[in-house]
Amino acid sequence: MAERTKIIIENLSKKFGSVEAISSLSATFDACAFTVILGPSGCGKSTLLHVIAGLETASAGKIFFEDREVQNLPARERGCAMVFQDYALYPHMNVEDNIGYALKLAKVPKTERRERIGRVAEVTGLQSVLERRPSQLSGGQRQRVAIARAIVREPRVLLFDEPFSNLDAQLRHDMRRELAELHQRIGATSVFVTHDQIEAMTMADKILVISNGRIEQFGTPDEVYHAPESTFVAGFIGSPPMNLINGTGDGGAFKLRDGTVLSECGWNGHVVLGIRPESVRVDRQGAVALKVRYCEKLGSHSIISAELADGQPMRLTTPLGSSAEPSSEIRVNFPAKQLHWFDSESGKVIPRRSNGIES
Amino acid sequence: MKDSGMIENARSVDRAATIVLVAGMSFILIPLAIAAVTATQPYETFIEAGGLSFALGGHFLDNMEKILSETKLLRQLGNSLAVATIVAVMKVGFCFLAAYALVFFEGKFRRALFAVMIATVMLPLDLRVITTYQIVANVAMPLNWILDATGANWAIEKVAGFRPYFRLSLLDTYFGTAAPIAANCTAVFIFRQFFLTLPKDLPRAAIMDGAGPIRFMIDIVLPLSKTPIVATLLFFFVGAWTNYLWPLVAASTPDQQTAVVGLARIADSDIDEIPQVPLLMAGALFVSFIPVALIAVMQRQIVRGLNLSSR
Amino acid sequence: MLALILMFFYIPVFLAFFWSFFLERPFGGGSEFVGLQNFRRVLSDQEFWRAMWRTLLFMVLAPGTAIGVSLVLALAADRGIRLSHPARNIIIWPKAIAGASIGLVFVFIFNPHLGLFAPLNDLFPGLWNPRIDGTDAYLMLLVAQVWNGIPFNFIILLSGLQSIPDSLAKAAAMDGAGPWRRIIDIQIPLLTPQLFLTFVLEFVGSVVEAFGLIDTMTEGGPGGATTLLVYKIYVDGFKAYDLSGAATQTALLMTAVAIMVALQFRLEKRVKYER
């Protein structure tokens with residue numbers, strides 16, 4: 001079991017020339033937790049990981065591993081290990097040497113090295129391929145070597161830079177499960193960067209959603225999904241993501257541009273209504289009329305793409321078997337408890353007056 | 001190798017290609033074949049036949065024996081070997097390090113360094129042979145300028161009563177012949193191109209594993225660069241071996257000349273009589289054998305290692 | 001090593017320009033600033049201009065022929081027929097043979113009395129004699145230069161051809177382009193970067209590489225017909241000890257080469273295809 005290390009980031013900034021990749025970011029990653037940094041490409045998530053690892057230097061701010069200030073330490077003194085997107089295995093070394101390279105540099109005696117490599121190989125299921133070169137391995141095996149190489153040093157902090165993005169869907173699914181189990185066993189503080197929300201939702205203890213180098217939300221998968229703090233998070237998470245409808249609060253009702261009333265509303269002025277596709281209830285007597293554009297049948301459920309009265313698009317999911325013809329009209333209800341309200345200017349959530357989240 | 005038969009049946013094209021290749025190989029091989037055949041003829045038969053003839057003469061070994069005993073070509077072959085090796089090792093060693101620094105390190109002087117190196121590719125040694133000769137004839141010349149320009153000489157003259165003038169000639173040395181040929185950075189581009197094809201996370205992975213820049217170079221980059229290193233070594237070895245103008249002026253005594261220069265000097269010596277053509281042809285084969293064998297045997301490695309397609 | 005580059009590259013280049021403004025006496029006999037007088041002398045010298053024109057003509061003919069021949073050979077070798085394999089090996093052999101060595105072979109082959117054309121001369125006396133006829137000598141030089149220049153161009157062009165994705169040939173075949181059409185429409189356009197590279201290298205190469213051939217084949221003759229600038233510089237500098245004149249010509253030649261290479265690079269940027 002690795003040393004318990006929590007990661008504290010204080011007002012961290014990183015500039016490339018005049019471009020600010022990370023701007024004054026603060027967060028605490030709990031010891032032994034599995035934290036996922038989630039965001040679209042170019043949002044600064046990989047940069048953040050590299051700064052934590054020591055591969056990039058911070059422009060400003062501090063990073064602590066437990067109570068040790070590390071932002072000025074070179075990478076090798078921080079005690080991190082990293083798994084890379086393209087694996088970055090050494091092509092001229094066999095699997096055993098790849099895994100053992102860091103130990104060799106750390107001058108670990110040969111017998112101990114062999115023992116530790118053997119142990120890690122067993123955990124990652126690589127015993128039978130230790131003699132092979134990376135070019136002779138399958139994608140999944142290469143991925144395992146990359147992970148084995150990282151964990152063999154028993155690092156305090158394990159960093160993952162979109163490690164599964166080169167794998168096919170089935171393999172990705174398997175690796176997610178394997179990595180989650182592995183994390184349970186070794187318990188190092190783990191930080192995992194991805195743009196894939198399914199990876200984030202299934203593996204994370206906590207998710208840090210960032211965009212344009214700023215934190216959008218930092219919370220558990222449940223919080224991020226059920227209580228998004230901004231339209232960005234609401235629109236990024238979920239497949240299909242939350243519907244975000246522009247309208248006006250007027251006299252207790254939420255109205256579209258053409259005056260159609262969708263639901264009750266406690267605010268006046270421009271406001272954004274958010275509702276998850278699965279929260280929309282199809283109901284013959286429903287208050288809201290939708291014009292169906294398209295229906296995707298996925299077996300377990302169907303996704304209907306439709307239009308509101310003023311032309312704004314929205315999507316809803318319906319249970320197995322139910323579907324709708326294009327151009328037909330369906331009627332739906334927006335259950336009041338499932339509604340999220342966002343400020344139309346800032347995109348931030350407008351806090352509920354009622355007590356907390358219902359589900 | 002491409003299998004063009006997959007696309008369609010293109011007999012006419014393949015036939016034309018065959019003819020072209022036969023013609024091309026003939027053009028390359030006929031001069032060599034003539035040289036080889038003539039090298040087997042004794043001088044007497046050569047004269048009787050009235051010059052070029054395609055009859056094998058069986059005197060190849062005799063002619064070779066004459067080359068070894070009557071000329072200095074054997075010693076000069078050794079000179080070629082030494083000069084070409086020094087050139088290849090210096091060039092490849094430096095260019096490897098320079099390209100490594102250029103690709104894996106950020107630095108203020110990176111662009112300037114790159115520009116400094118590009119220029120050396122544009123102006124070949126043979127173009128600046130006059131002034132390079134002057135420098136090699138006295139490598140202390142720049143020192144004299146500095147002493148003159150800074151007034152140090154003037155001061156020394158006042159104190160010691162004489163004006164110092166330093167003189168150090170590298171003419172007629174292996175290093176003096178090799179160094180100007182090696183002062184060229186073509187291989188920087190080849191290595192740079194190769195390094196850029198390595199996965200971008202590889203240096204990061206090495207850092208995470210605790211490897212510093214030197215370790216990364218020795219443990220990771222060097223073994224991965226085996227192919228381009230071997231290719232450039234061979235390429236520059238052959239290039240230095242076949243160099244003519246510079247070695248001609250840099251070494252004045254037959255004992256220090258390279259084999260190619262030595263051979264040309266033999267040809268020079270007898271202008272009025274009918275030249276010892278069979279002997280010359282044997283000599284030409286003798287001085288060309290080593291580089292041709294290297295190229296022929298290592299053709300694949302050279303072409304692959306230079307990676308000329310992606311420049 | 002940087003010091004070596006400074007010492008044996010930058011200082012000589014600088015020195016050539018420096019001396020072109022001085023009258024430099026041989027054997028360290030002192031020097032005298034003469035301004036543009038050297039340039040005036042060189043530029044008004046008919047021999048300089050004749051050598052310059054011969055060099056320019058050579059710079060067009062030799063690379064043009066060598067690259068043309070190499071291109072045809074590379075296209076043929078790229079077909080992947082049985083002969084491709086030996087051809088790829090044999091065609092690069094001349095790379096390993098010094099110009100000065102093969103020059104001796106060619107001078108024998110083209111010898112008017114002993115060589116390949118001797119029987120022809122018996123029938124028509126004086127038809128071929130590079131020792132007397134300047135054009136014959138120039139042609140002989142050209143053939144030898146092409147022979148020596150083929151390998152490098154061939155390697156570059158062939159690797160260029162082989163890096164063109166197979167799928168492009170297949171796509172063009174589906175579009176109805178036969179193998180001959182594909183050469184014109186697909187292979188040669190996509191080979192532009194390599195063609196440019198060979199032109200740049202051959203351009204510079206043909207200025208200087210002919211030296212070994214000239215020195216062993218013709219020594220600049222007959223009557224100066226094969227005196228290219230590089231040979232003239234050598235003779236002026238090392239035989240006539242006219243250091244200032246040789247340095248001035250070196251400076252002029254270097255400037256010309258640098259300008260041409262720069263122009264070619266400028267041109268290359270326009271025709272590069274992103275793949």
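Modeller: Let's start with a word we'll need: contact means heavy atoms within 4.5 Å. Of the two pairs of chains in contact, chains B and C share the most contacts. Keep in mind that this is a predicted model, where local features need pLDDT of at least 70 and side-chain atom pairs count only at pLDDT 80 or more, while totals for chains, interfaces and linings use all residues. Residues are numbered from 1 along each chain as its sequence is written, chains are lettered from A and ligands numbered from 1 in the order in which they are written, and side-chain values use heavy atoms, with hydrogens and water left out.

Colleague: How do you know that chain A and chain C do not touch?

Modeller: Their nearest C-alpha atoms are 22 Å apart, and no touching is found between chain A and chain C.

Colleague: What makes chain B more spread out than a compact globule?

Modeller: First, chain B has 16 helices and zero strands; those are DSSP runs, helices being H or I of at least four residues and strands E of at least two, numbered from the N terminus. Now the size: chain B has a radius of gyration of 26 Å, well over the 19 Å from the globule rule for 311 residues, so chain B counts as more spread out than a compact globule. That radius is taken over C-alpha atoms, and the rule is 2.2 Å times the number of residues to the power 0.38. Along its principal axes, the C-alpha trace of chain B spans about 75 × 75 × 30 Å.

Colleague: How much area is buried between chain C and chain B?

Modeller: About 8,400 Å², with carbon and sulfur atoms giving 80%. Buried area is the accessible area (1.4 Å probe) that two parts lose on being put together, summed over both. On the chain C side, F8(C), R79(C) and F108(C) lose the most area to chain B, together 9% of what that side buries. As for contacts, 95 residues of chain C meet 93 residues of chain B.

Colleague: Why is the pair D14(B) and R79(C) called a salt bridge?

Modeller: The label needs a side-chain nitrogen of Lys or Arg within 4 Å of a carboxyl oxygen of Asp or Glu. D14(B) and R79(C) have their side chains at 3.0 Å, N to O, so the pair passes that test. Side chains of opposite charge can pair when their charged atoms come close.

Colleague: What about E112(A) and R116(A), how far apart are they in helix α3 of chain A?

Modeller: E112(A) and R116(A) are four residues apart in helix α3 (residues 110-124) of chain A, which means about one helical turn separates them. Their side chains also meet in a salt bridge, at 3.2 Å, N to O.

Colleague: And which domains does chain B have?

Modeller: Domain 1 (1-62) and domain 2 (71-310), with bounds from an automatic or database domain assignment. Their C-alpha centres lie 33 Å apart. The contact takes 10 residues from domain 1 of chain B and eight residues from domain 2 of chain B.

Colleague: How many salt bridges does the rule find across the interface of those two domains of chain B?

Modeller: Zero salt bridges. Domain 1 and domain 2 of chain B bury about 760 Å² between them, 81% of it on carbon and sulfur atoms.
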